[in-house]
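Trainee: I have just opened this entry and would like a guided walk through it. Could we go topic by topic?

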Amino acid sequence: MTVTSYRQALHDALRAELLRDESVLLLGEEIGVFEGSYKITAGLLTEFGPNRVRDTPICEEGFVGAAIGAAMLGMRPVVEIMTINFSLLAIDQIVNHAAKMHAMFGGQVSVPLVIRTPGGGGQQLAATHSQNLEVWYAHVPGMKVVAPATPSDAKALLTAAIRDDDPVLFLENLALYNTKGDVPDGEQVGQIGTAAIVKAGSDLTVISYSRCTVIAMEVANQLQHDGVSVEVVDLRSLRPLDRETICASVRKTSRAVVLEDDWLTYGVGAEIAATIQEGAFDYLDAPVRRVAAAEIPLPYAKPLELAALPAAADLSKVIGEILDATRFNR
Amino acid sequence: MTDVLMPRLSDTMTEGILLQWLKHEGDAVQRGDVLAEIETDKATMELEAYDDGVLTRIIAAEGSSVPIGQPIAVIGDDEAGEHGGQASDTPITLTPSVSGAAPTATAEARAAQAPSTATPHGQATAQASAQPGPLRTSPLARALAREHGLDIAGIVGTGPGGRVVRADVDAAIAARSLTTPGPMTVAASPAPPYDARTQEDRQIPLTSIRRITAQRLTDSAAAPHFYLTAVVDAEPLLALRTQLNDQLPEPASKISVTDLLVRACAVALQAHPQVNSSWAGDHLIQHARINIGVAVALDAGLIVPVVRDADRKRISAIAVEAHALAQRARAGTLTPDEFTGGTFTISNLGMFGVDHFTAIINPPEAAILAVGAARQEPVVRDGRLAAGTTMKVTLSIDHRVLDGATAAAFLQDLVGMLERPLRILV
């Protein structure tokens, strides 16, 4: 076990898979000579050469399309898209090709493609570079969408994504790259589609993913001191969605909040809330609540950006409201 | 603008059922106009307006049950007054993100909005508690109540808008387990208890009379009862009744056995004021007035209209009054002062052929007289067997108020009066 950053964990997983499997190759803008905008691919061009670590033109549709073709022919390409916002330029390739090939070709081909891309706001990158579009891809059958919150999961799930035979959108987050945590040494292959109970509790369930799981943990630890036992479910995977873990938790706590970085309407929280009322209806003592970003294009100005993004205080407030509504004695 | 509140229409009333609105939203109302009909625990009453104005808003829906003091409608000065009332009464619980972003609004205008936290519709804030409307329950509370065989409608909700939440059901379960130790052993048994309920069963909602009757009589079970039964030679009483009725100018007010009993009890109570008493927790109340209640059975439950000052009224006046009270009781139009303030109660089931029964005391009164049917029986008169007509009367007494000898002396006097009934008339 080593304390490692999220960034380093991703790097380690990429390098290990490049070493293990010759069909793995990396493509993306500035990932080679410049070593990646976030330095995830640092040193890999030098170690593996330009055939395995390939700088691409600034043309998302082109290099994602090329990666899909390579994947159909047996390679395991890992594409880095600089932010999820730029994936919109490749969305036809992703949604209409990568996600559809296996079904439309009657199972004759698979597309073992990984698209690594960071999402989210908070970096003063303004409205067009701060979005949480993972839910767009999580909506599409044929895709997998993975969103680790911890360095350990980042390593294990990236390894699993590379070895998975379906296209995987692998969501990272700028705010998470420098976070640190224990990461088991050696090969770790995660299981895509399983949520993790990152903190066990008995009074209320917070369901979250990616950056927001970190916020949920912060709030849960605060509330522990006030005598409130919050369980935190980290989804880790938006598609497939681990509905059973979510519902089992709510059946235990009877109160639920979803904390999400995306916009509220039609967001991840809506899907989770529907899942809970289908799977744990008779166990709910209060309506499922959602805490999400303000429904505006994210402002550039720092105070406005901070005000628009969901924060620990917003989650605490809603948890307090649910506890009051169910006469929880604190 | 004035809130119309659920009035307190009887001593025992805690809530009223809004039966029917006789005015509608937008109607002009004048002081004294009947706004609505309200069913209390005992009777159906008319609610009059205290102010002139316009009925701008109806808050309590027909059929809803509203605690006393809660607003049921708003009377405004004019139509314009309505808007303020509605706005203030509807808590804004939705953040802008849910109320929908207006497409024309600029980003700057809304940039400072806080992160979205959706509050579902129906999640009223705490100050809106006990609003009338549908029964609010959380799914968990419903499941728990079902599991424990509790009627969730009987549990008071303390969540938003009066929602019954788990804490409320837990409290109800705890309260029940204090009174009935049984369920613990049932729960330990793996075999499910036999459930007599079937699809064909009907659930009959409690009328407010039924509910209050149940509550009062359950209260009465706390009183330590004892019972004294006497056999009355009823021939003189029946003969007097026949004689009176034959000579009455107005057949409309025919005198019944019950009427004679009311008067007889009143006269006997005059002589035995200890029996005309009530239990008041830390003291006794010996009533100066003698008000005799007569139990009347209704489909909806039991009601006890009261003949006031029965010791000071002539038998014919008692007969007219008791007849009118019984009729109004059946019509559900008794006013509260007609069924409250009793100091002694008579329950006569003789007309159903009941030979003998014991009645449950109508708290806080000290005693109740249960009267059976007058029937022909073999009797011993002057040492010889003969055919006679007898009637059994049973006095139920609250032992906290009265002892056996005191009650027996009263009963002896009463029986003596019934057997020599001319005393009833003077």
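Mentor: The following conversation takes up chain B, then the sheets, and then some points in the backbone. Please keep in mind that this is a predicted model.

Trainee: How many helices and strands does chain B have?

Mentor: Chain B contains 12 helices and 20 strands.

Trainee: And what share of the residues in chain B is buried?

Mentor: Of the 426 residues in chain B, 34% are buried.

Trainee: What about contacts between residues at least 6 apart in sequence in chain B: what percentage join residues at least 24 apart?

Mentor: The figure is 63% for those contacts in chain B.

Trainee: Let us look at a pair of helices. How do α9 and α11 of chain B cross?

Mentor: Helix α9(B) covers residues 257–271 and helix α11(B) covers residues 404–419; their axes come within 9 Å and cross at roughly 140°. That angle makes α9(B) oblique to α11(B), because only angles over 145 degrees count as roughly antiparallel. The crossing of α9(B) past α11(B) is right-handed.

Trainee: Which residues meet there?

Mentor: From α9(B) they are B:Ala264, B:Cys265, B:Val267, B:Ala268 and B:Ala271, and they meet B:Phe410, B:Asp413, B:Leu414, B:Met417 and B:Leu418 of α11(B). Sorted by class, this contact between α9(B) and α11(B) has 9 nonpolar residues, no polar ones and 1 charged residue.

Trainee: I also noticed B:Leu260. Where is it found?

Mentor: B:Leu260 is found in helix α9 of chain B.

Trainee: Is B:Leu260 buried or exposed?

Mentor: B:Leu260 counts as buried, because it has 23 C-beta neighbours inside 10 Å, and the cut-off for a buried residue is 20 or more.

Trainee: Which residues is B:Leu260 in contact with, leaving aside its neighbours within four places in sequence?

Mentor: B:Leu260 is then in contact with B:Leu237, B:Arg241, B:Ile255, B:Ile315, B:Pro421 and B:Ile424.

Trainee: Turning to sheets, what is the strand order in the open sheet of 4 strands in chain B?

Mentor: The order in chain B is β5-β4-β2-β7, and the pairing is antiparallel. At the edges stand β5 (44–48) and β7 (65–67) of chain B; each has a single partner strand, so one side of each has no neighbour in the sheet. From one strand to the next, the twist of this sheet averages 40°.

Trainee: How many bridges join β4 to β5 in chain B?

Mentor: There are 5 bridges between strand β4 (residues 34–39) and β5 of chain B, and the two strands run antiparallel. In this pairing, B:Ile38 stands opposite B:Met45 of β5(B).

Trainee: What is the order of the open sheet of 7 strands in chain A?

Mentor: In chain A the strands follow the order β3-β2-β4-β5-β7-β6-β12, and their pairing is mixed. The edge strands of chain A are β3 (53–55) and β12 (237–239), each of which pairs on one side only. The twist in this sheet averages 20° from one strand to the next.

Trainee: How do β2 and β3 of chain A run?

Mentor: Strand β2 (residues 24–28) of chain A runs parallel to β3(A), and 3 bridges join them. A:Gly28 has A:Asp55 of β3(A) as its bridge partner.

Trainee: A different topic, then. Which bond is cis between A:Arg239 and A:Pro240?

Mentor: The peptide bond that joins A:Arg239 and A:Pro240 is cis, with omega about 0°. A:Pro240 is found in the loop between β12 and α9 (243–253) of chain A. In chain B, the peptide bond from B:Pro363 to B:Pro364 is also cis, with omega near 5°. B:Pro364 lies in the loop between β17 (344–348) and β18 (367–371) of chain B.

Trainee: Why point these bonds out?

Mentor: Because most peptide bonds are trans, and most residues other than glycine have a negative phi.

Trainee: Then which phi value does A:Lys39 have?

Mentor: A:Lys39 has a positive phi of about 65° although it is not a glycine. A:Lys39 lies in the loop between β2 and α2 (44–48) of chain A, and it is partly exposed, with 15 other C-beta atoms within 10 Å.

Trainee: And what is the phi of A:Ser254?

Mentor: Phi of A:Ser254 is positive, near 65°. A:Ser254 lies in the loop between α9 and β13 (256–263) of chain A, and it is buried, with 26 other C-beta atoms within 10 Å.

How values were computed: Residues numbered from 1 in each chain as written. Chains lettered and ligands numbered in written order. Predicted model: local features only at pLDDT ≥ 70, side-chain atom pairs only at ≥ 80, totals over all residues. Axes fitted to C-alpha atoms, helices over the stretch in contact; angles between N-to-C directions. Parallel < 35°, antiparallel > 145°, perpendicular 65-115°, else oblique. Left-handed = near helix turned anticlockwise from the far one by under 90°. Contact = placed C-beta atoms within 7 Å. Nonpolar A, V, L, I, M, F, W, Y, C, P; charged D, E, K, R; others polar. Pairing = 2+ DSSP bridges. Buried ≥ 20, exposed ≤ 12 C-beta atoms within 10 Å, placed from the backbone.
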